[in-house]
Amino acid sequence: MFDIDRWQEIYHVLRKNKLRTFLTAFGVFWGIFMLVIMLGSGNGLQRGVTQNFGDMATNSVFIWTQQTSIPYKGFPRGRQYNFDNEDVIAIRHSIPEIKYLAPRIQAGGFMQTNNVIRGLKSGIFNIMGDYPAFNKIDPLNFTSGRFINDLDIKDKRKVAVIGSRVVDFLFTKNENPINQYIQIQGVYFQVIGIFTSKRTGEQANQENQNIYLPFTTLQQTYNYGNAVGFFSITSQDDIPVSVVEEKTIRLLKKRHAVAPADETAVGHFNLKKEYDKMQGLFFGIRLLVWIVGTGTLLAGVIGVSNIMLVVVRERTKEIGIQRALGATPWKVISQIVMESVVLTTFAGYFGLVVGVGLLELINFLLGSTGANTEMFVHPGIDFSVAVTALTILVICGVLAGMIPARRAVSVKPIDALRYE
Amino acid sequence: MIQIKQIHKSYITGQNSLHVLKGIDLEIKAGEMISIMGASGSGKSTLLNILGILDNYDSGEYFLDGVKINRLSERKAAQLRNKMLGFVFQSFNLVSFKNAMENVALPLYYQDVPRKKRNLIAMEYLERMGLKEWAHHLPNELSGGQKQRVAIARALIGKPKVILADEPTGALDSTTSLEVMDILQEVNATGITVIIVTHEHDIAMRTRKTIRITDGNITEVIVN
Ligand SMILES: Nc1ncnc2c1ncn2[C@@H]1O[C@H](COP(=O)(O)OP(=O)(O)O)[C@@H](O)[C@H]1O
Ligand SMILES: [Mg+2]
């Protein structure tokens, strides 16, 4: 490697026809550059979309009631019904595959009148009644205080957990909302926690306007009887959520006299299914990127191989002289392969650096302009991908140099010497 | 030093086969200085290239310093050329991007002699050729005579047993030709076998023995 004569020769060869060297190098540069940009953008898209899930447990399912579509057990079709507290007990009792069960009931916000008041300030916010388990299924970021706990549920305490946007609306900058009281639909609640969403963009905005109350408190305070709005459920770690989904729905249908064949009466959303679909999509994108990227790269490498063939032909006589003076085939081959590797690696490394640089620039611009980047977060490539790409380059360089190098030593020394 | 028996060589181009060497027998002793003469196209270069292991032959036998030369691997051939032989060509064949010193040092490079050491040795040889001041010049900055002296220094640096020169004065004017011949005679005086291909009479006269080739056969051996 530290053989000056080798480097001198490489320098001579690459310098001899600068435009040609540049164009050849550009082929490889472009291949790696495109690969980096496409992989980086793919990653950015994936990060963006994945962040929209927040920290939500992907093995979760959400279940709510809808109108029945089949008449059953004397009930007509089109019947409205509600889940209730007994369902909670029944589910807990008969489906051990469930890890977290979080019943919820919603109290407002959808009504377009101010429902939360503090002094002279007021606003429209979503009011949720929740169990502590909800923060395990779809966690929030607590800036101070805490989420609802078991005692809040048991004692039906009048406490509230509020989002950062709620704070902005109801409090001034230098007020500490913790332990302060706010009036929610006519009833006073004490603030015990402040959170921010783990999502990004509009979804985060929405979540930051939520107010969480203890489920039992809300049910009683606003006269919901024992109705339950919907269930959030996660399965035990080693059990597919679809099993839990199916068992729970079957149980709920039985308990509420819904026909087993009724597809619409129980609304449900399986996050895992959506998540898997998304992962499949991203896998497809990445596969495509690698195919297109390596294709471009391959074109560049073939260009290098081509040029090396031309170079070897041009230098036939020189190589003949070297062989007459005692250069072994290995010496000749290794020299040519090294030229090829230097060209590809150098050009490729440059492509890598420029590609990563451009991604960083995009990052910087996204950050500094505060663009809505809900779907595109921190584009970039992993270090391991960069190392892989460089390894591929070196291997490609060797392969690209191999054919010309073998051709250089395949002619007899005398034929090489005679070549004009 | 060199023994060849019944060497035949044909060139095949497409459908045609050209029988160039038609059974050459030749013995050259260590320390001899001989010239090979003959009309253009008579096969002088072909013979010299076979002696230089740059080309192969079709039939016959060739021994170089007791080693049978036949279908050697290119690796072995390269090593033999490097250790045993020194070449001087009509067109000098210097490497264009290496300066005089680096050109001279090339054979040692292929022996993996460290750069510093081989350049030092190369300087010695250049000094012997009276070219010390030109050591760092590229070939295209040298005159024909200077180039050929660099080439001779390069041929000598590996301490070869045989120098093979194919029309070494062919591209030089007469005074420079004489200088080059002086050098080759000095080289021979140190005990190195020298074989010169030429078609100039006064060049041939300065060797001890002249071999004449006509139409692929040795037709005459003259002791000068
Ligand atoms: N590589 C080759 N392929 C075909 N014919 C060749 C080749 N080299 C030489 N010849 C032919 O062989 C004959 C002898 O060539 P050469 O040995 O170079 O002659 P000389 O050196 O005596 O002038 C010539 O007719 C030449 O054209
Ligand atoms: Mg000739």
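1. In chain B, helix α5 (residues 144–157) and helix α6 (residues 174–189) have axes that come within 10 Å and cross at roughly 15 degrees. Axes are lines fitted to C-alpha atoms, for helices over the stretch in contact, and angles run from 0 to 180 degrees between N-to-C directions. The crossing angle makes α5(B) roughly parallel to α6(B); angles under 35 degrees count as roughly parallel, over 145 as roughly antiparallel, 65 to 115 as roughly perpendicular and the rest as oblique. The crossing of α5(B) past α6(B) is right-handed, a crossing being right-handed if the near helix is turned clockwise from the far one by less than a right angle, and left-handed if anticlockwise.

2. Which residues bring these two helices together? On α5(B), B:Gly145, B:Gln148, B:Arg149, B:Ile152 and B:Leu156 meet residues of α6(B), including B:Val180, B:Ile183 and B:Leu184. Contact means heavy atoms within 4.5 Å. The residues of this contact comprise 6 nonpolar, 3 polar and 2 charged, where Ala, Val, Leu, Ile, Met, Phe, Trp, Tyr, Cys and Pro count as nonpolar, Asp, Glu, Lys and Arg as charged, and the others, Gly among them, as polar.

3. The model is predicted: local features need pLDDT of at least 70, side-chain atom pairs count only at pLDDT 80 or more, and totals for chains, interfaces and linings use all residues. Residues are numbered from 1 along each chain as its sequence is written, chains are lettered from A and ligands numbered from 1 in the order in which they are written, and side-chain values use heavy atoms, with hydrogens and water left out.

4. Chain B also holds an open sheet of 4 strands in the order β2-β1-β4-β5, with antiparallel pairing. Strands β2 (16–28) and β5 (67–68) stand at its edges with a single partner strand each, so one side of each lacks a neighbour in the sheet. Helix α1 (residues 44–51) of chain B packs on this sheet, touching β1, β2 and β4, and its direction makes about 120 degrees with that of β1(B). Helices (H or I, at least four residues) and strands (E, at least two) are DSSP runs, numbered from the N terminus; two strands pair if DSSP finds at least two bridges between them.

5. Strand β9 (residues 209–214) of chain B pairs in the parallel sense with β3 (residues 33–38) of chain B over 5 bridges, and B:Ile36 stands opposite B:Ile211. With β10 (residues 217–223) of chain B, β9(B) pairs in the antiparallel sense over 6 bridges. The hairpin of β9(B) and β10(B) has 2 residues between the strands, and B:Asp215 there takes a positive phi near 50 degrees.

6. In chain A, helix α10 (residues 271–314) and helix α13 (residues 383–410) pack at about 30 degrees, with their axes 9 Å apart. These helices, α10(A) and α13(A), are therefore roughly parallel. Their contact includes A:Trp290 and A:Leu297 of α10(A) and A:Ile392 and A:Cys396 of α13(A); its residues divide into 15 nonpolar, 1 polar and 2 charged.

7. What separates the domains of chain A? The centres of domain 1 and domain 2 of chain A, taken over C-alpha atoms, lie 55 Å apart. The domain assignment, which is automatic or from a database, gives domain 1 as 4–54 + 276–418 and domain 2 as 108–223. In chain A, 6 residues of domain 1 are in contact with 6 residues of domain 2.
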